[in-house]
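Here is a short report for a first look. Start with the structure itself, then read on.

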Amino acid sequence: MESSRPLLSLDALTTGYQRMQVLSGLHLTVNPSEIVSIIGPNGAGKSTVLKAIYGFLAPWEGVVRFRGEDISHLPVVARVKKGMILVHQNDNIFSGLTLHENLEMGGYLIARGSLLKERIDSVYEQFPFLYKKRRQAARVLSGGERQLLAIGMALVSEPELILLDEPSMGLAPRMMARIFEWVGRIHEMGKSILMVEQNARQALAISHRGYVLDLGKNRFEGRATDLLEDPKVLSLYLGGENSHENL
Amino acid sequence: MTIFFQSLLDGLIAGSIYALFAAGLTLVYGTLHFINFAHGELIMAGAFLAYLFMMPPLLLSPLLSGIFAVTGVVLLALLMDKTVFSRLRNANPLLLLIASLGLSLLLQNLAQVLWGAKIRAFPFPLQRGKVFGPVVITSVQITILWVAALTIFLLYLFLKFSRIGKAVRGVADNPVLAKTFGVESEKIIRIVWVVAAILAAVGGILVAADTNLEPHMGIVNLVRAFAAVLIGGAGNVWGALIGGFIIGLSENLGVLLLPIGYKDAIAFFIIILILLFRPEGLFGTRWGVR
């Protein structure tokens with residue numbers, strides 16, 4: 001798992017909205033073909049990390065590196081071109097566009113039509129329900145189907161790194177399990193994944209490493225299996241040791 | 001009965017032009033989220049520029065005049081965006097609306113300074129209409145119908161099948177998500193201004209060819225376009241096109257029942273009805289382009 005050069009690294013990143021500071025001096029790395037989870041209580045700044053990595057938020061201090069290159073001040077479009085894609089936690093589909101058009105938007109930066117078609121066809125192979133409904137407006141999809149479409153759209157651009165913002169948010173348990181299963185399968189396709197999750201246990205269960213964020217700072221970090229057994233992490237962020245048996 | 005069919009035809013002709021106005025207005029609303037009062041002046045500018053090219057000393061053909069006029073209006077719209085609207089990109093929509101109202105008044109008065117308030121007409125020879133069964137239609141009107149139909153068809157092809165057209169719909173639907181996939185909104189906004197200007201200019205030239213032109217022609221047509229946009233649901237291009245035809249038909253069929261002086265009131269009447277009973281439009285906002 002340890003590679004000489006991380007795919008993504010945040011070095012002492014501090015940022016926020018207007019005058020409200022959210023992240024302070026954050027460190028984080030994602031190595032090639034790794035699944036990394038960021039967990040922590042509400043308001044810890046988990047989603048803000050993804051926004052800063054993706055360029056929706058400029059860093060106040062610190063550096064964002066992708067494959068060793070400083071991308072801190074690049075616009076979103078340039079970061080997409082470098083091989084990352086963000087899946088938002090909600091509002092992550094174009095509800096008035098057809099499913100097919102949604103996938104085409106996922107590959108907006110692919111200029112060659114034949115290549116775009118090839119990529120979309122491969123997403124249809126993985127998610128046959130998308131093909132069946134390809135001419136329907138995306139608003140007809142259920143919550144879980146929307147999440148899968150959003151992941152499908154991200155795959156069209158063939159990113160190296162996928163940033164997932166709370167992929168299981170608001171889903172029924174069965175659908176949640178399916179989403180986590182998909183995260184595993186995307187990893188098997190050779191993608192690296194940085195995931196922010198409220199369902200910390202399930203997220204860590206499929207991750208290689210994890211970061212615990214609290215009030216915009218690194219609190220704990222380590223191998224996911226170690227975090228799941230760390231008594232402090234358990235009692236503070238995973239709802240105690242007892243609930244471990246219940247899940 | 002003859003007058004009914006004649007009014008139906010006149011309604012279709014007027015409706016096809018209003019559809020062009022409304023589609024542009026709603027497209028700007030859908031991506032920039034404000035009602036552009038200066039859209040009427042893009043219409044007016046189209047008509048006056050075409051007039052300028054057709055009259056002495058230039059005396060260009062109607063086709064060439066039309067092409068130059070549309071180009072001029074596209075440049076005007078881009079200039080409007082660059083000098084005024086782009087500076088207010090993240091401003092309150094009310095501020096944008098007032099800025100567009102200011103631009104509208106400025107351009108109306110500029111036209112009045114340049115051309116005077118006189119009502120003018122394109123230098124077309126008077127024509128005897130051709131009789132088709134119960135209706136009479138002039139060759140200018142036939143040209144209006146097919147130019148409008150062709151423009152609507154090209155708009156459909158652009159929005160439905162081109163990569164940029166789909167990105168325009170994506171930005172209107174969910175701007176943050178569009179940005180996420182690498183769509184640069186400033187580029188899309190410029191495209192929207194170009195398309196809206198083409199629709200306004202073509203419509204303005206056609207309406208002037210069908211009737212006449214004067215510096216304040218923008219406002220009365222803006223009201224009709226606004227009514228059509230509301231019928232279709234704000235931001236919904238297909239709805240606005242249908243709304244344009246509904247306004248054209250109700251104006252021309254309405255005067256069979258009402259005194260002719262009330263013709264311009266019909267669009268206002270429809271605006272009030274829609275706002276009272278179906279503010280989301282007949283087809284809802286989330287349909288069509290969005």
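## Contacts along chain B

Take the contacts in chain B with a separation of 6 or more. Of these, 77% join residues 24 or more positions apart. The model is predicted.

## Elements and overall form

Chain B holds 11 helices and 2 strands. From the N terminus, the order is α-α-α-α-β-β-α-α-α-α-α-α-α. The radius of gyration of chain B is 19 Å, close to the 19 Å that the globule rule gives for 290 residues, so chain B is as compact as a globular protein of that length.

Along the principal axes, the C-alpha atoms of chain B fill a box of roughly 55 × 45 × 35 Å.

## Burial and surface

How much of chain B is buried? Of its 290 residues, 51% count as buried.

Charges come next. Chain B carries 19 positive and 11 negative charges.

## Where chain B meets chain A

How many residues does each chain bring to the contact? Chain B gives 25 residues, and chain A gives 26 residues.

Between them, chain B and chain A bury about 2100 Å². Carbon and sulfur atoms account for 58% of this buried area. On the chain B side, Arg163(B), Thr180(B) and Phe181(B) lose the most area to chain A. Together, these three residues make up 33% of what that side buries.

Key. Residues are numbered from 1 along each chain as its sequence is written. Chains are lettered from A and ligands numbered from 1 in the order in which they are written. This is a predicted model: local features need pLDDT of at least 70, side-chain atom pairs count only at pLDDT 80 or more; totals for chains, interfaces and linings use all residues. Side-chain values use heavy atoms; hydrogens and water are left out. Helices (H or I, at least four residues) and strands (E, at least two) are DSSP runs, numbered from the N terminus. The radius of gyration is taken over C-alpha atoms; the globule rule is 2.2 Å times the number of residues to the power 0.38. Buried means under 20% relative accessible area, exposed over 50%, partly exposed in between (1.4 Å probe, protein chains only). Contact means heavy atoms within 4.5 Å. Lys and Arg count as positive and Asp and Glu as negative; His and the chain ends are not counted. The place of a charge is taken as NZ of Lys, CZ of Arg, CG of Asp or CD of Glu. Buried area is the accessible area (1.4 Å probe) that two parts lose on being put together, summed over both.
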